[in-house]
Amino acid sequence: MVSDKYIAGFLDSDGGIGFNFIDKGRKPLLGITWSQKTCQDEVLFEIHKVIGGKIDYTTVNSVSYSRLHICGRKAEALLNRIRKYLVIKRRFADSCMKIANERVDNPIAIKEYLKKERKITSLPIPNFPTRKWLAGYIDGDGCFSISEISHKGAAYPLLHIAAANYDTEGIETIQKAFGGRIHNMNNGNVRQYILSLSPSKAIQLISYCGKYMIVKRDQALFVLNCAKMGHYRDGKNIKLALKQLKIQPHRLNEPRVDIKTLIAKIEDLPPYWNKKGAQACKKCGLRVRKHVAFGLCGACYQRSYRRNISTHVIVENVLSV
Ligand SMILES: [Zn+2]
C-alpha cells in the first residue's frame, strides 16, 4: 500500500494541482492529476487504491499516457492530509486551498494569482528528504543511467533529476542530504541535478529509499546489487541490463524481467592490473597468476628481469607490443 509521503513525492514530481474551472460567481473546482506513460502506469493504480479517483487515457505525439484525477472534496481532503509532506508544491497547495472554498469574483485575477503563486518557493527547504517522499520523487522525475564506460570497461552509474527553475526545492533537499551537483540547462529555465553513484553512494541512497519505489524500483535495486560488489567493472553487462530494465513495461499484473537473472549475469571481475585496463598478464595472457608490476605476472616479470640487466628497456618493449 502506498503511503501519504510517497504520494506527496510523486505529486511533487509527476503530479499537478489546479482547478478544473474558475467561473465567476461559483466556487472553483480543485483538481489533482497525475500523468504517466501508459506502459508504466502501475503506480497510478497503486495510488488509486488509496485515494480513489478516475483513470483515463490520452495520446500525446503518438505516445499513450494514463492519467489519474481526483477533484473537489476528495482533492481537498488529500491535500490536507499530505501538505506537510510536500517539498515543492506545499506553498502552492496552500494557495489553492485558500481559494477553493470562496466564490469567484474575478476569474482573471485568480488565474494571475495562481500563476504567480506557482513560482514561489516553498520554504523552509528540508535538510533531509524522508525515505518515502524521496522514493515517490525519484519515481516521477529521477533517471538512473550509465554516463560512460571507461576505457577499462567499468560503468559509471548516475542519478539525474531535471526540475523547472522554480521547482528546485526537491533537488536542493536531495543535494543537502546526499551531495551531487546542480547545473543550469536550457538557458537556466531548467536545473539538472546529477549524483554520481559510486558504490558507497549508491548503497547510501538506494538502501535509504529503494524499497519504497514502484516505477524505478527494479533499476534502483539492480544498481544497488552491483554496488554491493564494490565496483562496476563489468560495465558492458551493467549497461545492457539497466537498459533492459528501463524499457520493460511496468503495468499492473504484467510479467517483468527477472531482476535476479540480470544480477547473476554481472561478473565480479578482478581488479585491473594497470592504467591501460589490462586484467591479464601482458605477456602470457593469464589472469590466474598474481600481478607484480607493469602489467606482468610474477613469472613473466622475473623472466624479463633475470634475462636482462636493463629491466626497464625490456618492460617497455613488452608494454608497447
Ligand atoms: Zn605472465
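Which strands does helix α6 lie across, and at about what angle does helix α6 run to β5? Helix α6, residues 131–141, lies across β5 and β6. Its direction makes about 65 degrees with β5. Keep in mind that this is a predicted model.

Now for the overall layout. The protein chain is divided into domain 1 (4–118), domain 2 (131–265) and domain 3 (272–321).

β5 and β6 belong to an open sheet of four strands, in the order β5-β6-β8-β7. The pairing is antiparallel. β5 (142–149) and β7 (181–185) stand at the edges. Each has a single partner strand, so one side of each is left without a neighbour in the sheet. From one strand to the next, the twist averages 35 degrees.

β5 pairs with β6 (residues 155–164) over six bridges, in the antiparallel sense. Serine 145 stands opposite leucine 158 in β6.

Turn to another sheet. This open sheet has four strands in the order β1-β2-β4-β3, again with antiparallel pairing. Here β1 (15–19) and β3 (54–60) are the edge strands. Each has a single partner strand, so one side of each lacks a neighbour in the sheet. Neighbouring strands are turned by 30 degrees against each other on average, direction ignored.

β1 pairs with β2 (residues 30–37) over five bridges, in the antiparallel sense. Glycine 15 stands opposite tryptophan 34 in β2. Helix α1 packs on the sheet and touches β1 and β2. The direction of α1 makes about 80 degrees with that of β2. Helix α2 packs on the sheet as well, touching β2, β3 and β4 (63–71). The direction of α2 makes about 15 degrees with that of β4.

The centres of domain 1 and domain 2, taken over C-alpha atoms, are 27 Å apart. In the contact, 19 residues of domain 1 meet 20 residues of domain 2. Which elements give two or more residues to the domain 1 side? They are α1 (4–14) and α2 (42–51). The largest share, nine residues, comes from α1. By class, the domain 1 side has 10 nonpolar, three polar and six charged residues.

Definitions and conventions: Residues numbered from 1 in each chain as written. Predicted model: local features only at pLDDT ≥ 70, side-chain atom pairs only at ≥ 80, totals over all residues. Domains from an automatic or database assignment. Contact = placed C-beta atoms within 7 Å. Nonpolar A, V, L, I, M, F, W, Y, C, P; charged D, E, K, R; others polar. Pairing = 2+ DSSP bridges. Axes fitted to C-alpha atoms, helices over the stretch in contact; angles between N-to-C directions.
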